[in-house]
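Please look at the sequence and the structure below. The report that follows begins with one residue and its surroundings, and then turns to a whole chain.

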Amino acid sequence: MELDGFTVAAQVGNFLLLLWLLKRFLYRPILEAMAARQQRIAAALAEAQAQAAAAEALRQDYLARQRDLAASRESWLIQAREEVAAQRQTWLAQARTEVDEARERWRAELEREQRDYRQTLQREAARRLLALTRRALHDLANAELEAHMASTLLARLQTLDRETRQTLARAARDGCVILTVFPLPEPQRRVLTTGLQQLLDPGLNPEFRTDPAASPGITLETPSQRLAWTLDSYLDGFAAELQTQVLSEGNSGA
Amino acid sequence: MTISPDQTLLFEFGFVRINATLLFTWLTIALLAGLARWITSKLSTTGELSPWQNLLEVLVEGAQNQIRDIARQDAGPFLPFIATLFLFIAACNLLAVVPGYEPPTGSLSTTTALALCVFCAVPFYGIRRHGVRGFLRLYLEPTPLMLPLNIIGELARTLALAVRLYGNVMSGGLVVAILLLVAPFVFPALMHALGLLTGLIQAYIFAVLATVFIAAASAAQEQTIGHSQPRL
């Protein structure tokens, strides 16, 4: 066991040299690399934490929006249901109104048709009744009936007002004709002549004529006036009255 | 058969005596520095690490943790010194299995030089941390009467450091040499394998003791407040 002073000194120098070399080429680079990596990892962790925080914030925001959306959805649904119900009521009321109007129109139309039909029926009945009456009266008409009708003519002349009778009398001075279908018996002619002279003009001398084609009855004709009481005129008046009555009933029914 | 590589003289000029210890020391230094330079020349701070960089980072971080655990303070200031001690001694001891290589740690001059470095490092770090007066006050603790014993303790532990390492390494090599004469098969290989283990353990012990001595000097001021200073 020997100790060499130069070797000891050289080994101290060698160790210090190795210390310097390793410090320069090993420890410092390694520690710097580790520190850099740690910083990078810390930065990455910080970034990850920031991103996680941002993600959490986004998640919370999303959840809040989801809750708001759910609440809004409920309110929207309630509002939509109310609107639908209101619209349904509106449409139902509108439909009821339209149905009522249509029903009213239909009923009015039906009533109108019924009225028209009734009027038509009544007209047709009246027409047929008149035709039947006319034919029956024509069939039943004879000289005796016309004689009775001459009395009726005189009765009608009596019912005329004074002015009308004067107008008729002035017209009769220019000529007066008594027209019948059948020849009047002589007594009836005299009664008529006497009656006309008393009612119109004492100097009146009527001319008696017959016309088989005319309506049964008696007609007083002057050049400007005509006074008739025939079955046709009677039935025509009756038909006019009947028509007026039918129309007035139809209008009152409407 | 030589006991110490100091006895293998390669070159002599005056007092300059270049022996095998210095030669293998330089070779070891060149190997360590070259490896460190080669590995750290392509360090990566991003992406995947190379296996060598990973190994170096494990070593450096392991050394940091060991120093922090032992010294109970920041490992930064001590790391280069302690880790260099460990790497140098471990490299010398492990390279002992290479035929023809004589570990410099088998030289008392080398171990003495390393112990002297530790001897100087203790006041260096102590003064750097607490100042000259604060450090010198350590030798008067717990009473000024302990000053001679403290000084003897400093010298003794330096001597113990040097002799312990020298003795272990030198004896390991000597045992292998003797076994080669007695039983040339199997046993030398086993002893070499055992030498690898003991070599690493010796490097670890040397580094740990150096850490303890330096840390004790650095942390002495805090410890004198409530506790007695540990002495190793």
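B:Gln73 touches B:Arg68, B:Phe78, B:Arg129, B:Ala215, B:Ser218 and B:Ala219, where residues up to four places away in sequence are not counted and a contact means heavy atoms within 4.5 Å. This is a predicted model, in which local features need pLDDT of at least 70 and side-chain atom pairs count only at pLDDT 80 or more, while totals for chains, interfaces and linings use all residues. Residues are numbered from 1 along each chain as its sequence is written, chains are lettered from A and ligands numbered from 1 in the order in which they are written, and side-chain values use heavy atoms, with hydrogens and water left out.

B:Gln73 sits in the loop between helix H2 (51–71) and helix H3 (79–94) of chain B, helices being DSSP runs of H or I with at least four residues, and strands runs of E with at least two, numbered from the N terminus. Because its relative accessibility is 12%, B:Gln73 counts as buried, a word that means under 20% relative accessible area with a 1.4 Å probe, protein chains only. The side chain of B:Gln73 also makes a polar contact with the side chain of B:Arg129 at 3.4 Å, that is, a pair of N or O atoms within 3.5 Å, one able to donate a hydrogen and the other to accept it.

| Item | Value |
|---|---|
| Helices in chain A | 5 |
| Strands in chain A | 4 |
| Buried share of the 254 residues of chain A | 26% |
| Span of the C-alpha trace of chain A along its principal axes | about 210 × 35 × 30 Å |

Read along the sequence, the elements of chain A follow the pattern α-α-α-β-α-β-β-β-α.

Conventions:
Buried means under 20% relative accessible area, exposed over 50%, partly exposed in between (1.4 Å probe, protein chains only).
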